[in-house]
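Let's take a look at some ring-shaped side chains and a greasy spot on a protein. Have the structure open while you read.

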Amino acid sequence: MNVLQTLSKIWETSGIAQIIGGFLEGGVLQLVMIILACVLLYLGIVKKFEPLLLVGIAFGMLLTNLPLSGVFHPEYWNTAGDINYGEVLRHGGLLDLLYIGVKTGLYPSLIFLGVGAMTDFGPMIANPKSMLMGAGAQFGIYFALLMASPFFDPQAAASIAIIGGADGPTAIWLTKTLKPEMLAPIAIAAYSYMALIPLIQPPIMKLMTTKKERVIKMEQLRPVSKTEKIVFPIMVTIITCLILPSVAPLLGCLMLGNLMKECGVTDRLSDTAQNNLMNIVTIFLSISVGATARYDTFLKLDTLLIVVLGLIAFCFATFGGLLVGKIMCKLTKGKINPLIGSAGVSAVPMAARVSQMVGQKANPSNFLLMHAMGPNVAGVIGSAVAAGFLLAVFG
């Protein structure tokens, strides 16, 4: 084989030749996805929009759209029948193997284990009324379900609606079962809105509340005993999983992580769940979710509609939490600052920090962070319960 033949063979088997040769059939869409992946990398690295997840998602998107890379095969997963895991293990690419953890629900559950180990339920236990605001924030999920129903089938509508919970792992956990082919746009929308909470929520908070309400200072929360913190995750697991058994993997891992944190005898396990395990799973989850964003399934009108409906869901979730906060403010004669209701979405602790930020702008001596953590952690439980309900109804 001479030099020209060698160069010709290298060219024919290159990704560049594949893009040029199939330019009209899909090559241009591959280029668009590669550019989009680079834009997301820019947002994650330079703008720091949820970088721990967005960088991995964007790079997975980049890999899967490079021609002939062979790292991901959607035909193994987007099937009406049972998945042939033997075929995946024998012939699947790198990201096919990692995607098994998404498809089986392993990664979202392990993420919740780490979240539980990092979460303090004390503010919610000290002020049980805050659970009502966490429940109110789930209004966005059901409103989006109604909005999406005319455009999508019930499984797709439910998967889109869960974006309103502002909980990426829960959105992935539900979508991978109900509508796996829509996993990429839903996951990207969910994590994008989580990252944009400081931009999306404050205008809604100011629109929904008066200056008099925003300056309200709340009384210090009562101390919560260690016994209460230990009993709480056990009782929540028993009660919730008896009512909605399907949510046991997600909520059970959340409460197990919290129990390891609070019981005082498993500090090493709690530390591992919060740090090393959480980091490893985040890498696997983000890159394998990004791999599902292929040009032939992602660049559709439905994707834009999902993004718009997801934003509506998130805005109405914020609205629902604030509305319950205002009602509770009236009922308690001004003892509750309604701003903490916006933290009912389950983006922990970012949503609580936004409540603190807006409250402190209105009153520099206002400290709402710990009060806002009550609705915030209640929102984590609420979104998991909502996902279990949707899975039970539409699964």
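Below we go through the aromatic pairs and then a surface patch.

Keep in mind that this is a predicted model. How many aromatic pairs does the structure hold? There are 11 of them.

Start with Trp-77 and Tyr-85: their ring centres sit 6.1 Å apart and their planes meet at 65°. Planes over 60 degrees apart count as edge-to-face, so that is the label for this pair. These two rings also belong to one aromatic cluster, made by Phe-72, Trp-77, Tyr-85 and Tyr-99.

Now for Phe-139 and Phe-319, which form a tilted pair, with 6.4 Å from centre to centre and 50° between the planes.

| Residue | Relative accessible area | Class |
|---|---|---|
| Trp-77 | 3% | buried |
| Tyr-85 | 31% | partly exposed |
| Phe-139 | 37% | partly exposed |
| Phe-319 | 28% | partly exposed |

Trp-77 counts as buried because its 3% falls under the 20% cut-off.

Finally, head for the surface. Val-231, Ile-234, Met-235, Ile-238, Ile-239, Leu-242 and Ile-243 make a nonpolar patch of about 660 Å². One of them, Met-235, lies in helix H16 (residues 226–243). With a relative accessible area of 38%, Met-235 is partly exposed.

How values were computed:
Residues are numbered from 1 along each chain as its sequence is written. This is a predicted model: local features need pLDDT of at least 70, side-chain atom pairs count only at pLDDT 80 or more; totals for chains, interfaces and linings use all residues. Side-chain values use heavy atoms; hydrogens and water are left out. Rings of Phe, Tyr and Trp (its six-membered ring) pair if their centres lie within 6.5 Å; planes under 30 degrees apart count as stacked, over 60 as edge-to-face and the rest as tilted. Buried means under 20% relative accessible area, exposed over 50%, partly exposed in between (1.4 Å probe, protein chains only). Patches are made of residues with over 30% relative accessible area and no salt bridge: like charges are joined within 9 Å, nonpolar side chains (Val, Leu, Ile, Met, Phe, Trp, Tyr) within 5 Å. Accessible areas come from the Shrake-Rupley method with a 1.4 Å probe; for residues, only the protein chains shown count as cover. A salt bridge is a side-chain nitrogen of Lys or Arg within 4 Å of a carboxyl oxygen of Asp or Glu. Helices (H or I, at least four residues) and strands (E, at least two) are DSSP runs, numbered from the N terminus.
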